[in-house]
Amino acid sequence: MAKVHPTEPQVSGPCSMNSAGKETFTIWMKSLVCHTNGCTIFDSKGQIVYRVENYDTKGSSEVHLMNLHGHVLFTILKKKLQILGCWNGYRGNFTSRKKEKSSFQVKKCCRILRGDRVCEVRVGFNKYFMVSLGNKKQGFKIVNSGGDITAEVKQKQLPTGMVLGDDVLTLEIEPSIDQALTVALVLVYGLMNRRL
């Protein structure tokens, strides 16, 4: 059975960087808990760094991104009564429904006007876009307002060229980009496509 994480020599630290300085993760769109929806994110050493256990239904309106130990890093909530779809992300375990300002907001773009842009992302005053690389299986990239790529998600391919199932993805994050925030944005993409 093939491993879902790279087998190249690794650098010490929470995750290693490839030759371009990007940090690489493997996303397995499966929960480690039997019969639940969710996903598991591994670093380049094969260690679990993030996880989502969605005990509700697929496409849930509330999802929690946790670290390995179950500490909630982000709470992602789908806004109700939105025609195109809108999700807000809050740092930590967002339990109160007060008017707390979200850490990020993702709005689905209108199909007619979007071109290759799937979503618009706002993190504070910064604007990013999720841009399709073709169809859902080919992946997407997250770009800033200047068009610079900050992260890219693709179907996982082994060094031998073998492509793993469509539930195993590679996430490459540029250096100095918030990893947990990027993973939370990838989760929103999964929620939009009802993969979580």
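In what order do the twelve strands close into a barrel, and is the pairing parallel or antiparallel?

1. Basis of the note. This is a predicted model, in which local features need pLDDT of at least 70 and side-chain atom pairs count only at pLDDT 80 or more, while totals for chains, interfaces and linings use all residues. Residues are numbered from 1 along each chain as its sequence is written, and side-chain values use heavy atoms, with hydrogens and water left out.

2. Overall make-up. The chain has two helices and twelve strands, where helices (H or I, at least four residues) and strands (E, at least two) are DSSP runs numbered from the N terminus. Read from the N terminus, the elements follow the pattern β-β-β-β-β-β-β-α-β-β-β-β-β-α. Of the 196 residues, 45% count as buried, a term that stands for under 20% relative accessible area, with exposed meaning over 50% and partly exposed in between (1.4 Å probe, protein chains only).

3. The barrel. The twelve strands close in the order β1-β2-β3-β4-β5-β6-β7-β8-β9-β10-β11-β12, and the pairing is antiparallel; two strands pair if DSSP finds at least two bridges between them. On average, and with direction ignored, neighbouring strands of this sheet are turned by 20 degrees against each other. Such axes are lines fitted to C-alpha atoms, for helices over the stretch in contact, and angles run from 0 to 180 degrees between N-to-C directions.

4. The helix on the sheet. Helix α2 packs on the sheet, and the strands it touches include β1, β5 (72-78) and β12 (168-173); contact means heavy atoms within 4.5 Å. The direction of α2 makes about 30 degrees with that of β5.

5. Strand pairs in detail. Strand β6 (residues 86-91) and strand β7 (residues 104-108) run antiparallel and are joined by four bridges, with C86 standing opposite K107 in β7. Four bridges also pair β10 with β11 in the antiparallel sense, and here I142 stands opposite A151 in β11. The hairpin of β10 and β11 has four residues between the strands, and in it G147 takes a positive phi near 90 degrees. Between β11 and β12 the antiparallel pairing extends over five bridges, with T170 in β12 as the bridge partner of K154.

6. Aromatic pairs. The structure holds three aromatic pairs, counted when rings of Phe, Tyr and Trp (its six-membered ring) have centres within 6.5 Å, with planes under 30 degrees apart called stacked, over 60 edge-to-face and the rest tilted. One of them is tilted, because the rings of F25 and Y50 have their centres 6.4 Å apart and their planes at 50 degrees. Since F25 lies in strand β1 (residues 23-28) and Y50 in strand β3 (residues 48-54), this pair ties together parts that are 25 residues apart in sequence. F25 is buried at a relative accessible area of 2%, and Y50 counts as buried at 9%. Another pair, F140 and Y189, is stacked, at 3.9 Å centre to centre with 25 degrees between the planes. F140 in strand β10 (residues 140-144) and Y189 in helix α2 (residues 179-192) are 49 residues apart, so this pair links distant parts of the chain, and both residues are buried.

7. Contacts of N67. Residue N67 lies in strand β4, and its side chain reaches the backbone nitrogen of H71 at 2.9 Å. Not counting residues up to four places away in sequence, N67 touches V49, Y50, R51 and L73.

Key:
A polar contact is a pair of N or O atoms within 3.5 Å; within protein, one must be able to donate a hydrogen and the other to accept it, and residues adjacent in sequence count only if both atoms are side-chain atoms.
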